[in-house]
Amino acid sequence: MTGAALKLVMLGKQFEAKVERLNALRDVNLEIREGEFVTIVGPSGCGKSTLLMLVAGLQVPTAGWVEMDGQPVHGPGADRVVVFQDGALFPWLDVQGNVEFGLRVAGVRRAKRAQRVREFIKMVQLEKFAHARVHELSGGMKQRVALARALVLRPRVLLMDEPFAALDVHTREEMQSVVQDLWLRSGTTTLFVTHDVRESAVLGDRIVVMTHRPGTVSAILENHAPRPRTLNDPEVLDAIQRSNDILKAEVEWSNSQAKLAP
Amino acid sequence: MMRRREHSLAWEFRHLIPMVAIALAALTLWQAMVSLRVWPPYLFAGPTEAVRALVELWNRALLPRAIVATLQRLAVGFLISLVLGALLAFIMVRFTTFGKALQPYILGLQTFPSIAWVPLALIWFGFSETTLLFVTIIGSVFGVSISFADALRTVPPVYLQAARNMGSDGMDLILRVTVPAALPHLISAAKVGWAFAWRSLIGAEIIFASVGIGFLLNIRATVPDIGGVMGVMLVILVIGIVVDQLAFSKIQEWASRRRGLLAHR
């Protein structure tokens with residue numbers, strides 16, 4: 001087996017809440033192979049976004065650690081780029097300026113920068129909107145820009161934090177196929193967080209099902225449906241079924257625990 | 001993609017029509033009070049008398065010299081105040097705990113009447129340009145730093161996260177993200193600062209100066225020349241409006257429209 005590109009080891013995160021300590025994440029172990037597409041699915045509050053922030057280095061774990069190619073991660077870096085839920089595009093820059101941002105920070109020369117920016121704007125099919133401002137774009141277009149802005153940096157791992165949660169159903173499905181297509185072409189190792197079981201089944205080679213407080217992994221499903229996939233492929237439907245079963249069982253279990261508690 | 005339509009000059013300035021109407025109404029009211037002889041002419045001059053006095057002051061080169069001197073002081077003082085205020089604001093935002101502890105004192109200094117600095121400044125710097133500059137700066141720098149700090153705090157954390165995530169940090173992060181993200185608020189903050197600086201300077205010039213608008217106003221009162229006094233007051237008002245409308249409002253509108261905070265006309 002090839003070495004894991006990304007490794008989470010006994011990873012945990014506690015937040016200091018007003019009254020008690022809040023366990024957002026506890027004892028998460030996960031290995032993600034080079035070029036793999038892994039989805040993390042779970043109800044809100046299960047710590048899946050926290051997990052992504054720890055991998056990105058934007059938050060510091062209170063237990064365990066994150067490894068990239070065998071090296072522990074300290075702080076944020078352009079090798080692990082996040083696509084945020086609302087895109088987090090910069091409204092004072094146009095599309096081109098947003099895609100160019102990370103390359104400027106990295107000090108890439110102007111000619112090379114321009115060429116790469118053009119290439120990636122074309123890849124998300126926004127050539128006509130290179131000089132549009134962020135407020136002139138639709139929700140789906142914004143997430144295309146966010147994708148281009150992340151991929152142009154050629155990250156080792158692409159981290160996506162419920163990127164399509166705010167989109168309407170049709171746009172969401174369209175964006176899922178855009179992501180799938182980009183991944184098939186670039187082969188970028190991807191960690192994709194969502195609360196949508198169907199989305200996780202369409203996209204993931206492996207589906208990590210997480211459950212409630214303290215956030216922990218309850219199952220990892222393999223999903224070998226051939227690509228490109230759609231929501232109606234039998235193997236995808238099967239993966240959806242299996243994920244739902246696990247999530248339902250977890251809810252029933254935690255409800256019974258609540259009844260037992262004094 | 002939306003493109004702004006080109007408009008005729010008349011359309012561009014159409015918002016000026018009600019403004020001009022209000023100015024004319026005020027002038028009419030002013031003239032009416034004079035014509036009705038509510039107060040004797042040596043206590044209350046009409047617009048024609050004020051303008052006549054201004055023309056005379058202009059012809060004697062007193063008015064242009066005063067305006068140039070005052071605006072020069074204002075430009076230098078206000079610029080220094082912006083730089084110092086930005087530094088102070090940056091320290092307050094960067095070092096959160098220290099900044100919070102410092103804030104009430106700076107707020108206190110902001111409300112401190114700038115004229116009350118004049119005696120101290122006179123002892124330190126004598127009857128000099130330095131004194132006038134000092135009062136202009138000290139009268140505005142605290143207001144500037146408080147407003148700048150507030151502006152910097154409006155930056156949504158997700159922008160900073162996204163930028164750090166793409167490898168930006170330190171000075172790079174401040175210049176590439178914090179400042180542009182806060183720009184519309186920073187411009188409002190500068191506007192607040194300019195008003196503070198303007199008031200402080202005119203106040204100080206009234207107390208002492210050898211040339212300047214405040215000085216001219218004071219001299220006209222000792223003549224006494226009621227037309228000159230009211231005329232110079234009018235000049236102070238007009239400069240305030242012009243700077244606000246031509247400089248700050250335009251810059252603010254531009255910055256807001258660029259990021260879609262204003263509806264397209």
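**Notebook: a look through chains A and B**

I began with A:Glu36, which I found in the loop between β2 (21-33) and β3 (37-41) of chain A; helices (H or I, at least four residues) and strands (E, at least two) are DSSP runs, numbered from the N terminus. This is a predicted model, in which local features need pLDDT of at least 70, side-chain atom pairs count only at pLDDT 80 or more, and totals for chains, interfaces and linings use all residues. Residues are numbered from 1 along each chain as its sequence is written, chains are lettered from A and ligands numbered from 1 in the order in which they are written, and side-chain values use heavy atoms, with hydrogens and water left out.

**Around A:Glu36**

Is A:Glu36 buried or exposed? I noted that A:Glu36 counts as buried because its relative accessibility is 5%, where buried means under 20% relative accessible area, exposed over 50%, and partly exposed in between (1.4 Å probe, protein chains only). A polar atom of the side chain of A:Glu36 lies 2.8 Å from the backbone nitrogen of A:Arg33. Leaving aside neighbours within four places in sequence, I listed the residues in contact with A:Glu36, among them A:Trp183, A:Thr189, A:Asp205 and A:Arg206; contact means heavy atoms within 4.5 Å.

**Helix pairs**

Two packed helices are described by the angle between their axes and the distance between the axes. The contact is made by A:Val95, A:Asn98 and A:Val99 of α2(A), together with A:Val145, A:Ala148 and A:Arg149 of α4(A).

On the α6(B) side the contact includes B:Leu122 and B:Phe125, and on the α7(B) side it includes B:Phe134 and B:Val135.

**Backbone details**

Which peptide bond is cis, with omega near -5 degrees? I found that this is the bond from A:Arg227 to A:Pro228, and that A:Pro228 sits in the loop between β10 (216-222) and α7 (234-260) of chain A. In chain B, a cis peptide bond joins B:Val223 and B:Pro224, with omega about -10 degrees, and B:Pro224 lies in the loop between α10 (213-222) and α11 (226-258).

I also noted B:Arg37, a residue other than glycine with a positive phi, near 55 degrees. B:Arg37 is placed in the loop between α2 (16-35) and α3 (47-59) of chain B, and it counts as exposed because its relative accessibility is 60%.

**Chain B as a whole**

I recorded 11 helices and zero strands for chain B. Buried residues make up 39% of its 265 residues, and the C-alpha atoms of chain B fill a box of roughly 70 × 55 × 30 Å along the principal axes. Last, I checked confidence: chain B averages a pLDDT of 90, and 94% of the residues score at least 70, where pLDDT is the predictor's confidence in each residue, from 0 to 100. Where pLDDT is low, the predicted coordinates should not be read in detail.

How values were computed. A polar contact is a pair of N or O atoms within 3.5 Å; within protein, one must be able to donate a hydrogen and the other to accept it, and residues adjacent in sequence count only if both atoms are side-chain atoms.
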